[in-house]
Amino acid sequence: MSRAVAHELAEYLEQRAGDSLRAVGHYSTDDYEIVYLRDDVREQYSDDEIGEIVEELRWESFAKPTQERQYRLGSLTCSIQTFEDGVVMHFPYDDQHGTLVSLDPGAARQLMQFIDDCLTRIERAQSE
């Protein structure tokens, strides 16, 4: 994905997700660019911390070929991490390039509700 495409994606997400969009970034083997970063999110992270997040995603993308072989479900298109205060989507294109998108949990309402329902059942079973 070129930087231009990352910018186009950020524009699309600004329209689609509105204020729920937290961040959009693109990385390659030795470089990265954050093409959108909401002001309050910017205040939460230093440049070094953002670099550490990108580095973690780079490592995750190195595992893409292995995961595709292990799961035998086709090409890995996106991994999603959900947190109490946000959702992070990682789109690895190959083992060297990818895009990250972060949203407020409300933007992924159905997914978050499904996860909460599953966690409730897990916690209930563990307490029995």
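**A walk through the predicted chain**

The chain has 128 residues, and 28% of them count as buried (under 20% relative accessible area; exposed is over 50%, partly exposed in between, with a 1.4 Å probe and protein chains only). This is a predicted model: local features need pLDDT of at least 70, side-chain atom pairs count only at pLDDT 80 or more, and totals for chains, interfaces and linings use all residues. Residues are numbered from 1 along each chain as its sequence is written, and side-chain values use heavy atoms, with hydrogens and water left out.

Confidence comes next. pLDDT is the predictor's confidence in each residue, from 0 to 100. Its mean over the chain is 93, and 98% of the residues reach 70 or more.

Now the layout. The chain has five helices and five strands. These are DSSP runs, numbered from the N terminus: helices are H or I with at least four residues, strands are E with at least two. Along the sequence the pattern reads α-β-β-α-α-α-β-β-β-α. The C-alpha atoms fill a box of roughly 50 × 40 × 30 Å, taken along the principal axes. Residues 24 or more positions apart account for 47% of them.

Start with helix H1, residues 3-17. Among the elements of the chain, H1 has the lowest mean pLDDT, 91, whereas helix H2 (residues 39-44) has the highest, 97. The 15 residues of H1 should span 21 Å at 1.5 Å a residue, and its end C-alpha atoms are 20 Å apart, which agrees. The expected span is 1.5 Å times one less than the number of residues.

Which residues of H1 are buried? They are Ala6, Ala10 and Leu13. Seen down the axis of H1, they fall within an arc of 70°, so they line one face of the helix. The arc is that of the directions from the helix axis to the C-beta atoms. An α-helix has 3.6 residues a turn, so residues three or four places apart point the same way. The buried residues of H1 pack against strands E1 (21-27), E2 (32-37) and E5 (98-103). The face turned away from the buried side carries the exposed residues Glu8, Glu11, Gln15 and Arg16. After H1 comes Gly18, with a positive phi near 60°.

Move on to H2, where Gln44 is found. Gln44 is partly exposed, because its relative accessible area is 47%. Not counting residues up to four places away in sequence, Gln44 touches Arg22 and Glu49. Gln44 and Arg3 are 41 residues apart in sequence and 24 Å apart in space, C-alpha to C-alpha.

Next, the largest pocket. Its volume is about 480 Å³. Its lining has 20 residues, of which Arg22, Tyr45, Ile53, Val88 and Ser102 lie nearest the centre. Which elements each supply at least two residues of this lining? They are E1, E2, helix H3 (47-62), strand E3 (79-83), strand E4 (86-92) and E5. The largest share, six residues, comes from H3. On a 1 Å grid over the protein atoms alone, a pocket is an open set of points where a 1.4 Å probe fits, with protein on both sides within 12 Å along at least five of seven lines; lining residues have an atom within 4 Å of a point.

Finish at Arg72, in the loop between helix H4 (64-71) and E3. Arg72 has a positive phi of about 50° although it is not a glycine. Is Arg72 buried or exposed? At 71% relative accessibility, Arg72 counts as exposed.

Terms used
Contact = heavy atoms within 4.5 Å. Points joined across faces, edges and corners; volume = space filled by probe spheres on them.
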